[in-house]
Amino acid sequence: MKVSSSRLIPVKGISPGALMVEALSSLINRISLKNFCSPRFFIDYVVNPEAGFGAARNSLFSKDGLSVLNSYRNHAKKYGEALSRLTGMKGLEQHTMMPFRGLFDSMGKGVIRQEKHWCPECYLDAIRQSTPVYDPLVFSLMEVKSCPVHQLRLVSKCPDCGATQQALPSSRRVGWCTQCGGFLGYMGGEAREVTSREQYFYDLFECRHQLLEIDVSQEFKDGVMMVVNRSGCGAVTKLTEAVCFSDRTISQ
């Protein structure tokens with residue numbers, strides 16, 4: 001079964017500023033429920049046929065969903081394009097890490113986490129404000145451990161049953177436990193200030209829309225050579241030794 005193009009009810013992607021834009025995994029969850037489908041059915045019988053994929057593996061829901069849907073790899077690109085054709089929605093690449101394609105490790109290692117994390121007060125605020133509960137794309141990054149809005153440590157387990165959450169909920173809405181069904185938002189999370197390393201990623205993330213307008217790979221190569229020249233290293237190999245990177249890291 002294949003749904004005809006542009007026959008699905010679209011939803012508006014959430015973007016309360018560049019930093020907290022909604023992740024594609026979260027957007028797929030909301031689109032599926034808007035069209036009266038479970039996310040599992042929606043992926044298997046609507047999106048995957050349009051994207052040219054077969055039935056989704058269980059790992060897409062259990063652990064691989066964030067790295068497949070929210071990253072800058074080919075699957076994320078195809079899922080975004082398929083959703084665009086099905087709903088008429090534009091600009092879906094901004095809900096993924098596609099703007100960073102060519103800048104990070106081509107296999108996505110060390111960038112996107114497997115286990116879903118969230119800020120409990122972000123979920124609670126959405127309910128209080130009668131807005132959709134959603135997952136920000138930035139929380140998919142392995143280096144991000146704090147919520148920049150509430151200065152709280154991100155969590156990964158249900159406060160009621162202690163279960164870790166599916167990367168992509170197969171049947172429930174974002175914000176509710178995939179095991180017991182309890183709400184995942186609450187007050188009183190663990191305070192944690194944003195580190196300088198995290199702030200670097202936040203700043204980089206907020207500029208991602210500008211990366212769509214340039215050749216990221218070439219800009220990075222030019223930047224490496226500028227550092228080589230200004231540092232007096234004279235060659236990339238000496239630069240890698242100075243910053244304790246491998247030759248492969250710089251070449252990728």
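**Entry 1: the whole protein.** I started by reminding myself that this is a predicted model. I then looked up the secondary structure and found 11 helices and zero strands. Reading from the N terminus, I wrote the elements down as α-α-α-α-α-α-α-α-α-α-α.

Entry 2: The protein has 252 residues, and 48% of them are buried. I looked up the accessible surface too: about 12,700 Å², with 52% of that belonging to carbon and sulfur atoms. Among contacts with a separation of 6 or more, 69% join residues 24 or more positions apart.

Entry 3: How many aromatic pairs does the structure hold? I found five. One of them is Phe 41 with Tyr 45, whose centres are 4.9 Å apart with 40° between the planes, a tilted pair. Helix H2, residues 39–51, holds both Phe 41 and Tyr 45, and they sit four residues apart, about one turn of the helix.

**Entry 4: a stacked pair.** Next I turned to Trp 118 and Tyr 123, with ring centres 6.2 Å apart and planes at 10°. Why does this pair count as stacked? Planes under 30 degrees apart count as stacked, and the planes of Trp 118 and Tyr 123 are at 10°, so the pair is stacked. I also checked their burial: Trp 118 and Tyr 123 are both buried.

Conventions
Residues numbered from 1 in each chain as written. Predicted model: local features only at pLDDT ≥ 70, side-chain atom pairs only at ≥ 80, totals over all residues. Heavy atoms only, no water. Phe/Tyr/Trp six-rings, centres within 6.5 Å; stacked < 30°, edge-to-face > 60°. Helix = DSSP H or I, 4+ residues; strand = E, 2+ residues; numbered from the N terminus. Buried < 20%, exposed > 50% of the residue type's maximum accessible area, 1.4 Å probe, protein only. Contact = heavy atoms within 4.5 Å. Areas by Shrake-Rupley, 256 points an atom, 1.4 Å probe, with all protein chains shown as cover.
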